[in-house]
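Dear colleague,

I am passing on the structure we spoke about, with my notes below it. Please look through the model first and then read on.

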Amino acid sequence: MEMKWFLSKIQDDFRGGKINLEKTQRLLEKLDIRCSYIHVKRIFKDNDRLKQGRITIEEFRAIYRILTHREEIVEIFNAYSENRKILLENNLVQFLTQEQYTTEMSKTIAFEIIQKYEPIEEVRKARQMSLEGFTRYMDSRECQLFKNECRKVYQDMTHPLNDYFISSSHNTYLVSDQLVGPSDLWGYVSALVKGCRCLEIDCWDGAQNEPVVYHGYTLTSKLLFKTVIQAIHKYAFMTSDYPVVLSLENHCSPAQQEIMADNLQTTFGESLLSDMLADFPDTLPSPEALKFKVLVKNKKIGTLKETHERKGSDKRGKVEEWEEEVADLEEEEEEEKFKESEIFESVLGENQDKETGVKKLSGVTLFKKKKTRKLKIALALSDLVIYTKAEKFKSFQHSRLYQQFNENNSIGETQARKLSKLRAHEFIFHTRKFITRIYPKATRADSSNFNPQEFWNIGCQMVALNFQTPGLPMDLQNGKFLDNGGSGYILKPHFLRESESYFNPSDIKDSMPITLTIRLISGIQLPLTHSSSNKGDTLVIIEVFGVPNDQMKQQTRVIKKNAFSPRWNETFTFIIHVPELALIRFVVESQGLIAGNEFLGQYTLPLLCMNKGYRRVPLFSRMGESLEPASLFVYVWYVR
């Protein structure tokens, strides 16, 4: 039956005789067979018996069989088929409930699967499924590892903003390094398309009274501020309906700040949030309440009430002074030597001699040069800052006593890392109330990134990464924010939101761990390395990222000279104590004995977005591009 169907589909293409490689590729596409050109080229060459670059109908059939016949799928099919030729509808229902954990409406779903994936009409009409149809179903999006429910916004979006992880970028305008690389609008466009919701704009005075965007005191190229925000306006809500925060790194004179304010209002119009929402006078609004809104994050003069009272008034030429303390530690080496929490507390300004301003502790004195600087802020720009007022972080104690609900802190990764180790509980208490942004240290001139997981573990909402730099941190970022429909907002777990929680990522108590089992069955048309001459020595690494106790890595054996269809059939088990924060990463490598292993592809996703059962794991390149049809075939099972 399958043979008859197959010949009816292809014989017209062979009426003129043999076909070449290009026609072979087109015919495979016509048959809905997803295939990599590189692999097809090699298989074509192996089956072209006369080596003339043209194949017969029989040779094409052999190529088709190589591409579609997967022994592991045949084994599953045969286990549920009564005659090893056909799956009855109730056989498929049995497979869905026992293997794919489909508990509801399995009979309806089975019928829909047959109608959608069974290519042979007479089989389809009999409400049955051939191996051909079953293979197509197993290779479909419905059998992907990532849960369909997580592809849409399904979380409660009515919590205040501080209850969410927010996809955030650092120096969004750069597309390479921090010193001499180009500034490019593509940095903003690509970040927004990836679901980023907090963009950084570094603003400086430009010629002809036009503010510019670039990395100050470096040789990076310059963009006009108005051009940047016009691009943001165009793409802001293409991927997500939820609010975009413009984090202004503002170095402009008051006159050009007024130009910025004018540009923002003209470009965004009603989308720009320029006053309190009536329902949220003293609490942060929710992403739902701020849908399709643009928020400005910058320094602000005065209160929200004063801003509200000034609405509609002429603010031209009105400038206020902002004074802030700039602290330098003369003896940083001392701080590095003494990492006990109480010494660190003194560095934060919570234990000092009030008369002299000198830090004293355990016989160590840290002299702080007290410097202040005065900044001039145009009232027109200041009044556009509502719920995202930039406030310098001083200490957790200071924040507890004085920080207002609409004030946000930006903390450098080095300071944040120390605080997370020495003051985890206080840090989490802080992030429950206030939006906290973590940014890469200044010495990362190459635009490298830190691992964002350690800051998500303590509830930091905006963990800002250099989106232009591929690698593990961006894989984790992209994987985490696949969740909740790729909206750029993910509701934090309850233990990072609730005041009565005593959660500490480094000291997990009373957890309900998940036992995760992954059977890595096979690889499908894996990407090839430049040096592998179509056959790679492939292996897979499975990693868990989460709280320190959950960090783990396991790997398969190496399958020699087979990147097309390697079979591992290896089972791995992971005990995961805090599944709500865990990400699972699959990495495929080609073994290199001299130069080290070569990265082929990866896929990262939140543990709780994983489907159970037989699943396909799509692979992505280092740059985050899809490598379809390259994928892994796995069986996943977990229980709490």
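Which residues are buried in helix α1 (residues 2-10)? They are W5, F6 and I10, where buried means under 20% relative accessible area, exposed over 50% and partly exposed in between, with a 1.4 Å probe and protein chains only. These residues lie on the same side of α1, because they cover an arc of only 115° around the axis, the arc being that of the directions from the helix axis to the C-beta atoms. An α-helix has 3.6 residues a turn, so residues three or four places apart point the same way. The cover over the buried residues of α1 includes α2 (21-30), α4 (57-68) and α9 (131-138).

Before going further, please note that this is a predicted model, in which local features need pLDDT of at least 70 and side-chain atom pairs count only at pLDDT 80 or more, while totals for chains, interfaces and linings use all residues. Residues are numbered from 1 along each chain as its sequence is written, and side-chain values use heavy atoms, with hydrogens and water left out.

The protein chain has 21 helices and 26 strands; these are DSSP runs numbered from the N terminus, with helices being H or I of at least four residues and strands E of at least two. Of its 640 residues, 55% count as buried.

β22 runs antiparallel to β19, and eight bridges join the two; strands pair if DSSP finds at least two bridges between them. Within this pair, I514 stands opposite I576 in β22.

The loop between β19 (514-524) and β20 (538-545) holds D537, which counts as buried because its relative accessibility is 17%. The side chain of D537 reaches the backbone nitrogen of K561 at 2.7 Å. Setting aside neighbours within four places in sequence, D537 is in contact (heavy atoms within 4.5 Å) with residues including V558, I559, K560, E589 and Q591.

Finally, the structure holds zero disulfides, a disulfide being a pair of cysteine sulfur atoms within 2.5 Å. C252 is in no disulfide, and the nearest cysteine sulfur, that of C203, is 5.4 Å away. C252 is buried, with a relative accessible area of 7%, and C35 also counts as buried, at 12% relative accessibility.

Terms used
A polar contact is a pair of N or O atoms within 3.5 Å; within protein, one must be able to donate a hydrogen and the other to accept it, and residues adjacent in sequence count only if both atoms are side-chain atoms.
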